[in-house]
Structure formats: C-alpha cells, structure tokens
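Hello,

Here is the structure I promised to pass on to you. Have a look at it first, and then read on for what turned up.

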Amino acid sequence: MTDYVRWLSDLGMTDVPIVGGKNASLGEMIQHLTKVGVQVPGGFATTADAYRDFLAESGLDARIAAELESLDVDDIAALGEAGPKIRGWIIEQPFQPALDRAIEEAYTVLTAEAGNMDCSWAVRSSATAEDLPDASFAGQQETFLNVQGLDNIKHAVKEVFASLYNDRAIAYRVHQGFTHAEVALSAGIQRMVRSDLAASGVMFTLDTESGFRDAVFITASYGLGEMVVQGAVNPDEFYVHKPTVAAGRPAILRRTVGDKAIRMVYADAGGDSPVRTEDVPETDRILFSINDAEVEDLARQAILIEEHYGRPMDIEWAKDGVDGKLYIVQARPETVQSRSGQVIERYHLQSKGDVIASGRSIGHRIGAGKARVVESIRDMEHVQPGDVLVTDMTDPDWEPIMKRAAAIVTNRGGRTCHAAIIARELGVPAVVGCNDATDRIADGAEVTVSCAEGDTGYIYAGALPFEHKTVELTQMPDIPVKVMMNVGNPERAFAFAATPNAGIGLARLEFIINNTIGIHPKALLELDSLPADLRERIEPRIAAYPSPRDFYVMRLIEGISTLTAAFAPSPVIVRMSDFKSNEYANLIAGPRYEPHEENPMIGFRGAGRYVAEEFRECFRMECEALKYVREDMGLTNLQIMIPFVRTLGQAKAVTEALAEQGLKRGENGLKLIMMCEIPSNAVLADEFLEYFDGFSIGSNDMTQLTLGLDRDSSLVAEHFDERDPAVKKMLSMAIRACRAQDKYVGICGQGPSDHADFADWLVKEGIESLSLNPDTVIDTWLYLAEHAKTL
C-alpha cells in the first residue's frame, strides 16, 4: 500500500495516529480476534497524511484555521455559519493526484477479491483523536452506507473529510481542549454487511446506566444500524451475564421487545439516496429481531473484544441477511461509566404528580424545569439554561444546546441512541422513546423528569420536590450484623448492587409478576378458552415468546436471574408469590379466577395457596422458573423463601410440593427459608425449623397480627409499631430459636429501614442480618457502626 492508503488487515492499535481510532480498532480485531470467532468485514483506510496533504493543497488548512481562530463555539448562530462554509470548501477541493490513484488502486483490488464489481460498501469516518479512553467522538463524523462504484466512493471519502468540521465536532474539540489542527481524519472503506435484510444494533460490555461490569447490554432492530445509532427507533434490548457465558450455560438475563417502527434498507437504484426508511410490519414489531442463540453469540464476541482490549467496550454489530452471520463493524472504548468513580448518587422523588409521558430512563437522576418543545434544530435558541428539552430525536448537531438542559425528553430512541449517549456524558436525566412526548408536554410548562424509578422514566406535571444524596464509597466500618437489601425491581438490581451489601434478603416475586407479566397465570394456561376481548389484550404482550406458558415462566426467569446475577455470589432470597386475592384480581383476567374475600390480608395467600389444588399448576410454573435459574443457569446463590405458613401441616405440605418439582432442600446447596410473620411461627419456632433452614422475619405482618390491627386502615394506623413490647417478644422468640439450632435468622420487614433504634435492638437480640430498603442501607450501617461499642 501507499502512504495514503492502508489495508485494515495490516493495522493495529499502534496505528491510531495514522488511521484514527475506529480504523485502527477494526484492524486490531481482524489481526487478533478473527481466529477466536470475532467476525469483522475487511477493507482499506485512507491515512492521516492523506487528509493533511489534501488540506494543504491550495492553502485550505490555513483558510480553515483563520475562519475558526476567533469563533465562539457557544454562539450557535456563528457556529452555524462557519461550519457549512468550511465543509463546502472541503467538498469543492479535488483530491491530490497521489490520493486519487491510491483510492482507485485499493478499490480495484478490493472488488477483485469480492468477485463482484457491483458490491456495495460502507464508508466510515475515523478521527485520529477518536475513541481514546477519555474522549467520545462517537457519532460526530459521517458514515455512508450502500455506496456503489468508484466515483461514489471518492465522493463519500470527501464527505467524510468534511464531516470533521460538523458544527458539533468543532464545538466538542474546543470544549475538550483539542486544537483543530491536531485532529486528522481517516476514511474506512469496508464491505457492507447486508443487515438491511436482517438486523443490527449496538452493544456494551457493561450496563450503561449503572456501570455494572458483569453484563453485556445488547440492542437490536431490523435493518441497517443507523436507525439504532441515530435513535430513530426503540430497539429490542437484552442483558447477558458474563460469568454464566463463561460457564457455558444459558446466560440471557432480560429481554425487552422494542416497537421497532421503522427500518433502513437499500433504496432502488437510481434514486437520490442509496438507502431509505420504511415501516416495519406490525406482525414483526411485536417479535424479537434476533433469537436467543444470536444474542448469546453476540455476547461471546463482545466478551472476547473486551478481554482483548482490557476495558469496557462500545460495539456496533450487524447480521448479514444473505449468509446469516453476525459481524462486528465498530468497537471503541466505553467512555462514560468506565470513568465513574466510587460514588453512589441517589435521587428520590418526595412526592409525585400526574404522569404526562413515559419512556426509557437514562441514568438514575431527576431534573426539573420549564419544558421547551423544539420541533427543529432551527429553534434551538429557545432552549435556555435549566430548561427541559423536549423533541422528536436528537443528532450530534443538537449537542451545543443539550448541555444547557436540566433534562432531555425524546419521542424516539433507545438506550444507545444519540440522546442517551450525550445525556450520560453530560450527567443529565433523559427519557427516550416516549413516542408522543412532543404532543403531550406543553411548551413552557413546568415539568419534572424522573429516571430514578427503574427502566421506565416518567415526566410529571409540575416542579416536584426531590432528594439528592451523594455517598463516597470508602471502606465501610465493621458492624456485628450482615446488611442485606429488599429489592423487588430487577430493573434497579445492577445499580443497587453497587451499594455495600451482603446480598438480597427479600426479593418479591409478585413485583416481577405485576410489572413484567401483568396477566393472571391461569389465563395464560387456558388462553384459547378465554373470550375474544381478553385474548386481544393478552396476545400482543406474549407474541415474542414461544407459548403463553413459556411467556410466564421465561419472564419469571428473567426477573429472578437478573436479581440473582446482580448480587452473585452473595445469597439472594427470593420469596415465592404472596399476592392476596384482591391483588391477583388486578392482573389482566384476574377477576375470572379470584374469589371475593372480606379480608384478603388473612385469606387465600402464601403457602396455603401453593398447596391448593386450584393453584397447583401456577405454583409449578414458579418452581420451574426457580429451578431453571439454579440448575440450568447455575446461579446457586438463589435461595427460596415461603411466605405466610400458618401451620406445621402447611410447612410439611409445601416443602414436599417443592421437592416434587425438583426443589428439594439441601440438594445442590438449596436453602429453604420461611417468612416468620404469623404469631404461630414464633410460638412454634422450633417445630417450624424442622422444615426450613432458617427464618426471615416479616415484621409488617407480625406486627398487625400480634396487635390485631389492619395495617391498611387509616383508622388504626397510629397504633402500628414494630417496637411494641408484644411484637418484640415474638421476634425475640424466633431469633433465639434459630440461634439455638444454628440456623439463619434475618429480618426483611419495613421496621429496621424506618427506625434505626429498632435495628439496634435487633442486633443486640442476635439477628444475623438486616434486610433494608436500598436508600436506607448507608445511613443504617453508619448508625450501627456508631453504636457498635454498646452492643
């Protein structure tokens, strides 16, 4: 090759100054990772010398420097005038003869190797300061897809060169302290992967929201990848657990179906553009765009890339619809979460208002301000510092105003779209993929944007009060008790796992059923016999899964495995479903199957429901999910908790029923824990412990049943107090029984989270663990450390 063109297969990371980070990374992977199964399309790259010599022709570089010398990049109007002028100069200038010949010669060789002169190509940008660990130039320069023929290749290369002076790229270099002249551009010419006939997306080798390192996060949508990168679609999302991949076991933790409303495909020959967008058929939108085997294959490739580079990576992939293979088309360092220090930020809404819109939450922060609904980039000057930017979608041209915003809201996009990437960099909350936010949010209205409630972000009416805490994760002091957490929401598991903890003391299965399934289990077992109106509500929700029953079991597996993997190898105690009949009735089709009870709090619930003949098949589905997570996925830190065991007969019956479903106490290290929440449990503690490996005290129910009051009644609420001497007597009996038999005893009720002095008393009584609400862990831990000298 020449000084102006290099083959990708000859490049490595030492060549970043020559061909930029993106092209050097492609070469690095082709050289070192092809042999272990990472598939990267080949091609060639123009060099930084080719670019600099091109600008030196006719003194173009000097003209550009003069134009930018006194430019204030925060003056949007001035920036909007200078950028197009410079790009026009670059497009108009012809290549120097040597570069022109070098591109022609490389193209001739490439097409001969492909055996097809009509083959199409991708022309991508690669800046020499790009993809460094502490800088993110992602999306600032242009990519051109389905480029055919030598003349079009040359024009696309020139467009790539010009894109170094896009408005956002000019501003970013100034803000990051780069001088314009020190950054050069390389154009990569790479064989097109025919993802227009299949699917494509982006993946990260960590969780982009929490920084959790043991997961690969994958997005996928139909067609060419630009729709995902630009944020024009809401893609499918998957999480895959790295240690489980390494163990050779099924490793998908979570699946989320995106609406995937449009896709980018090749345009008909002779049109104005080589690509076009089209609507995705409704029947395809409700399905996953890739299957489980492909998700796990992508995760394996991502892990290999991360291991090679030794740091978290941001990777673009594409599936070829012709040969069916999965290809890596870009890989660069992840630049936001990988820079995060050991600091935990907690945001909490102190009150909630009316929900105006919702979408995918980015980050865990909360922001409030005056909504500015912006239809076009031409109206960006209306956005003032502290406003909430509301728009259809963003691209890099929006970046100068995005940094002014207190929060960002978009109609379109997923967690790897442009708005999401920039929001993370800026540290502002964003809710993307709302679909109709620009219609529902009034310009000028005060709104609060909350990303502190899980995967779903909410836009509330009004400026609501919220709390913000920052905790430095220095070495936590020693305390004489294990601090665990109550975590029901799998969407928050990765973030909560960063808080010092000894595992999960209570994971409520009903949270998963209510929030990710939403359908009564019996309805899924007899879907064909349901009325048409119910089937119409249910069928679109379950379409991506093999069968109605599989939907229920697989969604349970996803929630349970996410919680269990996030906290591994610490114990995760999952309580089987403890819906009351009125709560089951709130699920879709629930009223068909649930009795009306005058007092469901002490009615058909817990262990009594599990062993009832009418619930047996539903119980089996829960057992199947729990067994799969432990046996198939290998997450044996999962322990099972049984709630509301009224009698010794129920204790015997439920443990036998579990054993029949392959969940036998003691096998493969399985521990069965009983919720100690009924006075009979404390009075007969020794006898109940014959069937279980320990107790987890449910102080809420124990308090109401000991004191004979309804905790849901405002008329007697003032008398509800876990610290009442009668309640303490019950708890003391349970704790001492467990200690005498050397069995586990913890508490997972609300009491220790609300009352630090109650936590102090429990520790003195000999409790082994306190399972607290995540937002109280640090404060309670420090309180106990302060009082440890009196214990």
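In which helix is Asp49 found? The answer is helix H2, which covers residues 48-56. Please keep in mind that this is a predicted model. Asp49 is partly exposed, at a relative accessible area of 43%, and together with Asp3, Asp53 and Glu57 it forms a negative surface patch.

Next, the salt bridges, of which the count is 43. Here are some of them:

- Asp15 pairs with Arg6, with 4.0 Å between the closest N and O atoms. Asp15 is buried at 10% relative accessibility, whereas Arg6 is partly exposed at 23%.
- Asp167 pairs with Arg87, and here the closest N and O atoms are 3.2 Å apart. Asp167 belongs to helix H7 (residues 167-176) and Arg87 to helix H4 (residues 76-92), so this bridge ties together parts that are 80 residues apart in sequence. Asp167 counts as buried, with 15% relative accessibility.
- Glu617 meets Arg620 at 2.7 Å, N to O. Both sit in helix H22 (residues 616-632), three residues apart, or about one turn of the helix. Glu617 is partly exposed at 30%, and so is Arg620 at 32%.

There is also a network in which shared partners link Glu237, Arg254, Arg360, Arg415 and Asp455 through salt bridges.

Finally, the cysteines: the structure has zero disulfides. For Cys451, the nearest cysteine sulfur belongs to Cys434, 9.3 Å away; Cys451 is buried, at 0% relative accessibility.

Enjoy exploring!

Definitions and conventions
Residues numbered from 1 in each chain as written. Predicted model: local features only at pLDDT ≥ 70, side-chain atom pairs only at ≥ 80, totals over all residues. Heavy atoms only, no water. Patch = residues over 30% accessible without salt bridge, like charges linked within 9 Å, V, L, I, M, F, W, Y side chains within 5 Å. Areas by Shrake-Rupley, 256 points an atom, 1.4 Å probe, with all protein chains shown as cover. Salt bridge = Lys/Arg side-chain N within 4 Å of Asp/Glu carboxyl O. Lys, Arg positive; Asp, Glu negative; His and termini not counted. Charge placed at Lys NZ, Arg CZ, Asp CG, Glu CD. Helix = DSSP H or I, 4+ residues; strand = E, 2+ residues; numbered from the N terminus. Buried < 20%, exposed > 50% of the residue type's maximum accessible area, 1.4 Å probe, protein only. Disulfide = S-S within 2.5 Å.
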